[in-house]
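Please read it alongside the model shown here.

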Amino acid sequence: PYYTSICTPIVDDCLNVPAVAVGNVGQLAVDLVVSTLNMSRVGYFHTDCLIPMAGNNPYASCKDDTEELHTPAEVYTAAELKLAVLQIRAPILQTRSKRFRQQLVSWIKASGFSRTVVLSSSHAYQRDDQQLQGTPLRYLITPSLLTTSADALKELSWREMERMPAFPGVKDADAEPRLCIPGGGITKGLYTDSCAEDLPLAVLLLFCSEGDNIPDAFALVNHLNDWLHLLDEPNRKWKVPSSWSLLFGSGIPPALF
Amino acid sequence: MATFFGEVLSVYSRAVEEEDEEELDENEEDEQIRRELEEKRAVHLHWSPDVTELLRSGNKLQCSSFILAVGHNAASFLSAYVLASANWDAAGRALAWNERSRSGAGRSGEESACVFYRHKDEPSVLICNVTCHIAEDQLFEWTEKVFDCLQSRELAVTVLSDRSVADYKTPDYLCSSSAPFLRSLHSSAFADRPVCPSLEQPNIITGLPAAVLNHCQVHRIAAVVYQCYSDVAGPDSVTVESYKPVLNKLGRSIQVNSPPSTDVLRKFLRSAEIQSNLYI
């Protein structure tokens, strides 16, 4: 009911979904994927769980395609790569976060994606002593996807997201270490729901802080690329979309100086 | 998070709110309170008797042109240049209670501030003036409920919306003399030519105009939003007059015969309250 297709049904593709999380890193990474691979829009995810917004084409590259309206959640595909992407451009309404997760999971199930990769982030300041060292990138994978991707992951030698003790510093044998993704929005819920529904899903996340998160986006998307090989030619670079301008406000008034 | 000097500060994210880690088991009382709050925030449409009768029999309102004004200046523009011709019937109102609605005994003015009008001679032209705040969680519902009543074939939607020029991002510093100005955004089904330049990257629109435009884009309805960026926060006659180019697209038959005098304009603008005289 909330997915409106414009054309071409999606089947068997790999789906990338960003979580609206700290620094908007997942969403920025998805922007890079869509912009670089010149993906075409194939559907709208029209839901009451997102704050409405609208704007012209954020990936416009020439005069012809600038005036094309884009909505808060849209699906893009790159058929030759068997890749689909759901880009989310607006915050999820706080009271509807669970419902949005359910809508997302049921849409993923109904569409039959071969696997889903969630791009996300987590508050860097909440890392524990162990996590402060080494790479800031982490992954999570559902049992269903592990069966097919275990070898690839071993080769990449990625670090799995650690389970945290419920009460750090308190030696309590009863409290099981649990998964904690502070600042990750619906990431944890999406992961646990997917485990429960036996969906092939992986989460790629980055520890970061709010600020200029463009370098974080590049880090995450390159990490994703190491696995999915979306950008394989050696000299190809990620293309920054035209909407990534004036991120810190308008031009400065000359009278200021 | 700890700063260099050793203070501990809370960290806010622009993307996510501080949320509960575990989903707390709500007891029945919590759930009931939550449900009641949700019901109180629901959007209600109250149509005039003949429209109610029409909708009850399973039909939809024949509508070829739906003009929506969001904000005091946009609403004043429609009131002065279109509704003042006295050829309009009040067709209904939409009620949406939220934290910004003024509470008080009886019906407050803010609550009924989404009024629908239908033209007497051309009943397929519908106008709505929205001068109250519709909360983020009510925007989608408002849009769906209103458009559910309208037949969408051959429907053309025009939205006028007030905005502060502080929200407009441009690489060249905008000196105040260029405001107020119009920018447009339209759905893919809109085939006409807007009366002003298109909204440049990286600007976006939010609120009711965005919700309406999203709906029209997904349902392939021709729609255009004219957003007026003004440097005046409240009601202002210069801002109201900057919507004039839109008149060319609204159809001569529904407009007033002669442009309103400044006295008439002032009358409409006075209806908005002065919020504070701290900055006169």
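Two strands are said to pair if DSSP finds at least two bridges between them. Helices (H or I, at least four residues) and strands (E, at least two) are DSSP runs, numbered from the N terminus. The model is predicted: local features need pLDDT of at least 70, side-chain atom pairs count only at pLDDT 80 or more, and totals for chains, interfaces and linings use all residues. Residues are numbered from 1 along each chain as its sequence is written, chains are lettered from A and ligands numbered from 1 in the order in which they are written, and side-chain values use heavy atoms, with hydrogens and water left out.

**Sheet of chain A**

In chain A, strand E5 (residues 73-78) and strand E6 (residues 83-88) pair in the antiparallel sense over six bridges. Within this pairing Ala78(A) has Leu83(A) in E6(A) as its bridge partner. Helix H1 (residues 25-36) of chain A packs on the sheet and touches strand E2 (14-18), E5, E6, strand E7 (115-123) and strand E9 (201-208) of chain A; its direction makes about 135° with that of E6(A). Here contact means heavy atoms within 4.5 Å; axes are lines fitted to C-alpha atoms, for helices over the stretch in contact, and angles run from 0 to 180 degrees between N-to-C directions. Helix H4 (residues 187-196) of chain A also packs on the sheet, touching E7, E8 and E9 of chain A, and its direction makes about 160° with that of E9(A).

The open sheet of chain A has eight strands in the order E1-E3-E5-E6-E2-E7-E9-E8, with mixed pairing. Strand E1 (3-5) and strand E8 (137-141) of chain A stand at the edges, each with a single partner strand, so one side of each has no neighbour in the sheet. On average, neighbouring strands of this sheet are turned by 25° against each other, direction ignored.

**Sheet of chain B**

Chain B also has an open sheet of eight strands, in the order E1-E3-E4-E5-E2-E6-E9-E7, and the pairing is mixed. Its edges are strand E1 (43-47) and E7 of chain B; each has a single partner strand, so one side of each is left without a neighbour in the sheet. The twist averages 20° from one strand to the next.

| Strands | Sense and bridges | Facing residues |
|---|---|---|
| E6(B) and E9(B) (222-230) | parallel, nine bridges | Ser161(B) and Gln227(B) |

Helix H2 (residues 49-56) of chain B lies across E1, strand E3 (88-96) and E4 of chain B, running at about 110° to E1(B). H4(B) packs on the sheet, touching E1, strand E2 (65-70), E3, E4, E5 and strand E6 (156-164) of chain B, and its direction makes about 30° with that of E1(B).

**Interface**

The contact takes 45 residues from chain B and 52 residues from chain A. Arg14(B), Phe140(B) and Gln201(B) supply 16% of the area that chain B buries against chain A, more than any other three residues. Buried area is the accessible area (1.4 Å probe) that two parts lose on being put together, summed over both. The two chains bury about 4,000 Å² between them, 55% of it on carbon and sulfur atoms.

Across this interface there are zero salt bridges, a salt bridge being a side-chain nitrogen of Lys or Arg within 4 Å of a carboxyl oxygen of Asp or Glu. On the side of chain B that touches chain A, two or more residues each come from helix H4 (139-149), strand E7 (181-186), strand E8 (205-206) and helix H5 (207-218) of chain B. H5(B) gives the most, with eight residues.

Strand pairing also crosses between the chains: strand E4 (residues 53-54) of chain A and E8(B) pair in the antiparallel sense over two bridges. Met53(A) stands opposite Thr206(B) in E8(B).

**Local features**

Over all chains the count comes to 14 salt bridges. In one of them, Glu197(A) and Lys109(A), the closest N and O atoms are 2.6 Å apart. Glu197(A) lies in the loop between H4 and E9 of chain A and Lys109(A) in helix H2 (residues 97-111) of chain A, so the pair ties together parts that are 88 residues apart in sequence.

The peptide bond from Ala179(B) to Pro180(B) is cis, with omega near 0°, and Pro180(B) is in the loop between E6 and E7 of chain B. Another cis peptide bond joins Gln201(B) and Pro202(B), with omega about -5°; Pro202(B) is in the loop between E7 and E8 of chain B.
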